[in-house]
Amino acid sequence: MTEQAAAPLQPRSMGTSTIRLDGRLKVSGAAPYAVEHPADAPPLHAWLVQSTVARGRVSALDAQQALAHPGVVSVLDHTNAPRLEDTSNGELAILQDARVGFRGQIVAVVLAETLETAREGAALVRVTYQAEEHAAELRVDNATYRPDSVNPDMDTDTDEGDVEAALAGADVVVDETYRTPYEHNSPMEPHALVATWDDAGEGTVLDLVDSTQGVHGVVSALAPMLGLEPGQVRVRAPHVGGGFGSKGEPHSHEMAAALAARTTGGRPVSLAVTRQQMFALTGYRTATISRFRLGARSDGTLLAIDHQVFEQTSAIREYAEQTASPTRMMYAAPDRRTSHRLAVLDVAVPSWMRAPGEMPGMFAHETAMDELAVACGVDPIVLRELNEPATDPETGKPFNNRRLLDCLHRGAQRFGWSGRPAGARASADGEWWVGTGVASATYPMMVQPGNSARVRSLDGGRYSVAIGAVDIGTGAWTVLTQIAADALDVDPAAIELEIGDSSLPAATVAGGSSGTSSWGGAIVAASQLFRNDHGDSPDPGVETTASAAEDPVAEEYALHSFGAVFAEARVHRYTGEVRVPRLLGVYSVGRVINPLTARSQFLGGLTMGLSAALFEESYRDARFGHIVTQDLATYHVATHADVTGVEAEWLDEEDYVATPMGSRGIGEIGIVGTSAAVANATYHATGLRVRELPLTADRFLP
Amino acid sequence: MRELEYVRADDAASAVALVSGEPEARFLAGGTNLVDHLKLGITAPRLLVDVSRLPLDAVEEYDAPGGTGLRIGANVRNSDLAAHPAVRASWPAVSRALLAGASGQIRHQATTAGNLLQRTRCVYFQDATTPCNKREPGTGCSAVGGYARYNAVLGASPDCVTVHPSDLAVALTALDAQVVVLGVSGERRIPMTGLHRLPGDRPDLDTVLEHGDLITAVELPPSAAARRSTYQKARDRASYAFALVSVAAGLELDGDVVRDVRIAWGGVAHRPWRATRAEDALRGQQLTEEAVLAAAELELEGATTTDQNAYKVPMIRNTTALACTRLAAGEVSR
């Protein structure tokens, strides 16, 4: 692979509000999603049979009735499913033995001629279990396991100076516990795929049309387990109806479809996970308990920060949310400590959900900061000014473009912060208490290694630009076209973008707000090398494939995006109901490549943060072990009526240290800090400090 | 797939005959609840008798003691009923209750009778893998000691602690509506206050209806309290959520003294809860916030709560005060 140092790109299409290239296809229903793709043969439909115990063994599985049902073709279980070469991934290694690791785990797959028949077949499978005692409740006292690292590969604990001594010497100490609930990503398009297994010829054996955030990630996870070479697995995902992290890594339904497809003699297998099944099978955010201690001088200057996190993982596969990670770099304090401890439970496997770590961690941190501001009698924005670090507290590196205070000040101006009553419960409008709150936001700038792009000249001055990136609804189709146009110095209409296919050059996941940065860098590198090698008037058919060389300058800096979120909350004096009529986010994210699609990302993140603040909670019934609020009628997300005044803006800037486009990532920062801003506003409205999400009406009633 | 028979009834009497003759038969109207249940695998009828095309979709005035009543056909869609001028003028609580429920799409589809006969949204009732006495008598109640935020605070039994989900039923209960029922032995009328049951040891029975009974209409009697009525619903999100608690209230005042008052509560019990003790305490009293709070308190004597649903006691008390004081002040919108 050729590596090319990408030179800074001058914006022409970048920075303009190009409408979504796939927009018309989507709103007209013509964009095919995973199971809508026409297959070569009529597919068999798969339906999953899930365990009804949280821990134990399948002692008997009787498929006779199911198999006798007209239209049912086969039933796969641990006794007859194809064997995997590698079972170390406890989430994906399904149907390999009789063990049950959580309630809802896949214990059989029914294949039938129609979806309805498959579902009925699944209902007819009789499974008996040898149940064992299980543990499914997260508590501080059972969260004792110390993981080797936290997601993605961060230190589990950090400890600088003497936190206890600093707290003992502090004028003011905030020592509180903050809790966030289990949350589910619930993208609009449920997880779904069509799998075809054909080992008759050369080349692709397993073909998946999938709903995923990373086609190459699916290949690299599944291929070795199935005993295939990466080149024998092809994954396509041209359009994906949202992921929010839940499609960032393959989950067990993808393995179920692959295993099933291996048994059908080449006939495709179509599998769509139901909304209810998603609450067990496709990832979620762990609940978190944060014990937060802030020690400060009486004026609000921080002396010590201590953040102890208690959360959970699954016994069958480890996932450790990096909840304290933003605490390590957010504010100055000489003595600081963070830790993560996990309860290892017999539960479904947690995973990424928009801003893993930052979202629950910053709820705790920014609510604690608000408590400190109240305790010190300091305006919350002044408190943050006081504690602005000169260099990154975690690494000691200089920040590049840390503009948190600019975001706070711009937001304060636009939101109308000045004149805000200092005390709580100071404003009312009829039956509503009214308050305002603020919180900081941050998200790390990440560029993933392992991306390359291919540029090929076509007839008529047109160019094919190809990379295995995925548009999960973010606007990647459009934004990558804009980047390619600027990198080749042509009009966007001259670019024919190819993405969403693992047969294209390698690309990393649409996650960690790193997609555009990582894919875009590769496109810029390949385009610039292409021009270097083939000039401005290349012959049709010549091509260049390259990846971006690592930028040594970027290593010298701490690279993060920042933001400030302002909320107005109204709390009903009679019912405790909370409404948020105004929410504003101001962000520093480098160059915004497409204001139209970027605005959607920010508004989406803010809305999701608002939704988490007020509504979202997956209730795990520890007696059974599963989430019982397992549909969108009982797992509440914000409706239109709840989202009445959300606005976002961004600072005019570019950051060429971060990427050759001058951009950083924008997908996740909108959710960070938002629930704290809302919580702080409810405190300001009512004088009641709620330290646990969601902020439902009952918490504001005496 | 599981086969079931689907029949479109020609008239109400034959629909009743069809369902009465098959223990595993169900009426299908708007389908907004029953079809979910079929997909969730929590009910498996052998016969569906579609009554949605029966001509039970008229809204007609009738002479009633003290004025003009309104007879609402069982198939009148929730959207149409909410928008009906006579309902808005003379029974505004009914219109408000309907608009406080579900979503626009569901209200277009759902029928008047179907709304009353919708079943609980208790998460365990809807999850075929957990015990539930209402779904499978004798298996136990998972909501006791489980997800209890929505659980009843009045009239629950050890066998069932769930609440009735309908908003409309609460308004109809407050305003002394009655349902017209056609059964195998003819037509009869059941007051709304007597239609739904408390769970006792038979939580599988939501109502007093016999298998095969078909609600053909709802009758709204006129009253001064109905004309001055409202519906107040507290819920987590601003739309598309079942009530945490709700209040339907109607008021007739003589100066500031209560001549007549009707109060029914939703979200607190297995049936819409007519707050007769509170009503009795308020009649003849000056209508003040304190008086309503005290009356509600009286009604709530004997409420049973857990950590998760204790909030319902102050919430229903406050919401009752809110509804009644707004009515007294002539404010009925929020």
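User: Where helix 8 of chain A passes helix 14 of chain A, is the crossing left-handed or right-handed?

Analyst: Helix 8 of chain A passes helix 14 of chain A in a right-handed crossing, a crossing being right-handed if the near helix is turned clockwise from the far one by less than a right angle, and left-handed if anticlockwise. This is a predicted model, in which local features need pLDDT of at least 70 and side-chain atom pairs count only at pLDDT 80 or more, while totals for chains, interfaces and linings use all residues. Residues are numbered from 1 along each chain as its sequence is written, and chains are lettered from A and ligands numbered from 1 in the order in which they are written.

User: At what angle do the axes of helix 8 and helix 14 of chain A cross, and which residues make the contact?

Analyst: Two packed helices are described by the angle between their axes and the distance between the axes. Here the axes of helix 8 (residues 358-376) and helix 14 (residues 674-686) of chain A come within 8 Å and cross at roughly 35°. Helix 8 of chain A contributes A:Met362, A:Phe363, A:Glu366, A:Thr367 and A:Asp370, and helix 14 of chain A contributes A:Ser675, A:Ala676, A:Ala679, A:Asn680 and A:Tyr683; residues are in contact if their C-beta atoms, placed from the backbone, lie within 7 Å. By class, the residues of this contact are 5 nonpolar, 3 polar and 2 charged, where Ala, Val, Leu, Ile, Met, Phe, Trp, Tyr, Cys and Pro count as nonpolar, Asp, Glu, Lys and Arg as charged, and the others, Gly among them, as polar. Axes are lines fitted to C-alpha atoms, for helices over the stretch in contact, with angles from 0 to 180 degrees between N-to-C directions; helices (H or I, at least four residues) and strands (E, at least two) are DSSP runs numbered from the N terminus.

User: Which strands does helix 8 of chain A lie across?

Analyst: Helix 8 of chain A lies across strand 9, strand 14 and strand 15 (302-314) of chain A, and runs at about 150° to strand 9 of chain A.

User: What is the strand order of the open sheet of 5 strands in chain A, and how do its strands pair?

Analyst: Strands of a sheet pair through backbone hydrogen bonds, either parallel or antiparallel. In chain A the open sheet of 5 strands has the order 8-16-15-14-9, with mixed pairing, and two strands pair if DSSP finds at least two bridges between them. Strand 8 (158-160) and strand 9 (172-180) of chain A are the edge strands, each pairing on one side only. Strand 9 of chain A runs antiparallel to strand 14 (residues 288-296) of chain A, joined by 9 bridges, and A:Val172 stands opposite A:Ala296. Strand 15 and strand 16 of chain A run parallel, with 11 bridges, and A:Phe310 has A:Arg341 as its bridge partner. Strand 8 and strand 16 of chain A run antiparallel, with 3 bridges.

User: Why is strand 16 of chain A described as largely enclosed?

Analyst: Strand 16 (residues 335-345) of chain A is largely enclosed by the rest of the structure because 9 of its 11 residues are buried, a residue being buried if 20 or more other C-beta atoms, placed from the backbone, lie within 10 Å of its own, exposed if 12 or fewer, and partly exposed in between.

User: How many residues of chain B are in contact with chain A?

Analyst: There are 26 residues of chain B in contact with 30 residues of chain A. On the side of chain B that touches chain A, helix 13 (residues 312-329) of chain B gives the most, with 6 residues.

Methods. Two residues are in contact if their C-beta atoms, placed from the backbone, lie within 7 Å.
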